[in-house]
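Me: I am new to this structure and would like to go through it slowly, one topic at a time. Could you show it to me before we begin?

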Amino acid sequence: MANLSPILLIGCGHMGHAMLKGWLQKGLEASVIVHRHALDLPSPHQHVQSIADIPKEFKPKAIILAMKPAQATEIIPSLAPWTKEAVILSVLGGRDLTWLKNQFGDQQPVVRVMPNTPSELRLGMTSVVAGSTVTQEQKQLTDDLLHAVGEVAWLDSEKDMDVATAIAGCGPAYIFLLAELLQKVGEEKGLSTKLARLLARQTVIGSAALLGHSSQESEALRKAVATPGGITERAINVLIDSKAWPDSLSKAIQAAADRSKEMAS
């Protein structure tokens, strides 16, 4: 039974498709998706390839902007027929609430959201900050949509969005890099590609699942593996040195946060 309000999704690239997949699994009232490429969409949802093809009588409760940021300025003015009863959810990277207000007008309810790609499996992490004209009902609608694809963090201040983006929005890439490097090192140490790939991937998958199912802090789980004087502790001592992972990760997060801020300015 459908229990998510009808949406108008503009753009169905990697992030848009990941969220749509989660919403369809949850259950979604008849919605319209604008995507210029072919799209396998179940009934009663409608796929159109341009804004001009959106039914004029369609009344979405939320409009999700998931197109490329560079396309947004051109597309947004043409959305006016459908914005009257809708809250705008912007997935546009580097486009802040002020920018959205300038595009839609001061009275249009707008919400800035930053999901990540595990949303496709309904395991996403989305950071959210709302504009001043968003009603409580619209916040609940936003919360319902985003909780359908994972966890949601409402930010008290938009200034936190850059760091939140650097940690959660970009975070899956850091984890995939870890798997990539574990496999590469395994190969360099003489393992076959097949074995190194299996060891790296399943270790990351299993560790993430263990973290997700445990009530313990990540530090406690790490210490449970790295017994004093053991094999793991020797490796951890290398990685946890202040000039190793702590320093590298801090610099990486700051670099991503700086870029997010640059794009919003």
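The questions and answers that follow go from the whole chain to single residues.

Me: How should the numbers and values be read?

Reply: Residues are numbered from 1 along each chain as its sequence is written. The model is predicted, so that local features need pLDDT of at least 70 and side-chain atom pairs count only at pLDDT 80 or more, while totals for chains, interfaces and linings use all residues, and side-chain values use heavy atoms, with hydrogens and water left out.

Me: How many helices and strands are there in the protein chain?

Reply: Helices (H or I, at least four residues) and strands (E, at least two) are taken as DSSP runs and numbered from the N terminus. The C-alpha atoms of the chain fill a box of roughly 70 × 35 × 35 Å along the principal axes. Counted in this way, the protein chain has 10 helices and eight strands.

Me: What percentage of the residues in the protein chain is buried?

Reply: A residue is called buried under 20% relative accessible area, exposed over 50%, and partly exposed in between, with a 1.4 Å probe and protein chains only. Of the 265 residues in the protein chain, the buried ones make up 40%.

Me: Which residues does UniProt give for the dimerisation domain, and what is the strand content there?

Reply: UniProt positions are given in the numbering used here, with feature names shortened, and annotations may be inferred rather than shown by experiment. An unreviewed UniProt entry places "domain: Pyrroline-5-carboxylate reductase catalytic N-terminal" at residues 7-92, a span that is 23% helix and 21% strand, with its end C-alpha atoms 17 Å apart. The annotation "domain: Pyrroline-5-carboxylate reductase dimerisation", also from an unreviewed entry, covers residues 158-263. Over residues 158-263 the end C-alpha atoms are 14 Å apart, and the chain is 79% helix and, for strand, 0%.

Me: Which residues lie nearest the centre of the second largest pocket?

Reply: On a 1 Å grid over the protein atoms alone, a pocket is an open set of points where a 1.4 Å probe fits, with protein on both sides within 12 Å along at least five of seven lines, and lining residues have an atom within 4 Å of a point. The second largest pocket has a volume of about 710 Å³, a volume being the space filled by probe spheres set on the points, which are joined across faces, edges and corners. Helices α1 (14-26), α2 (69-75), α5 (161-169) and α10 (245-264), together with strand β6 (110-114), each supply at least two residues of its lining. The pocket is lined by 35 residues, and those nearest its centre are A66, M67, K68, P69 and Q71.

Me: How far apart are the end C-alpha atoms of helix α4?

Reply: The expected span of a helix is 1.5 Å times one less than its number of residues. Helix α4 (residues 136-147) has 12 residues and should therefore span 16 Å. The value found in the model agrees, since the end C-alpha atoms of α4 are separated by 16 Å.

Me: Is Q138 buried or exposed?

Reply: Q138 lies in helix α4, whose buried residues also include L141, T142 and D143. The C-alpha atoms of Q138 and P118, 20 residues apart along the chain, are separated by 24 Å. With a relative accessible area of 14%, Q138 counts as buried.

Me: What is the relative accessible area of K223?

Reply: K223 belongs to helix α8 (residues 218-225), and its C-alpha atom is 9.5 Å from that of I236, which is 13 residues away along the chain. K223 is partly exposed, because its relative accessible area is 47%.

Me: Which peptide bond is described as cis, and what is its omega?

Reply: Most residues other than glycine have a negative phi, and most peptide bonds are trans. R122, in the loop between β6 and β7 (124-130), has a positive phi near 60 degrees. P44 lies in the loop between β2 (32-34) and β3 (46-48). The bond from S43 to P44 is cis, with omega near 10 degrees.
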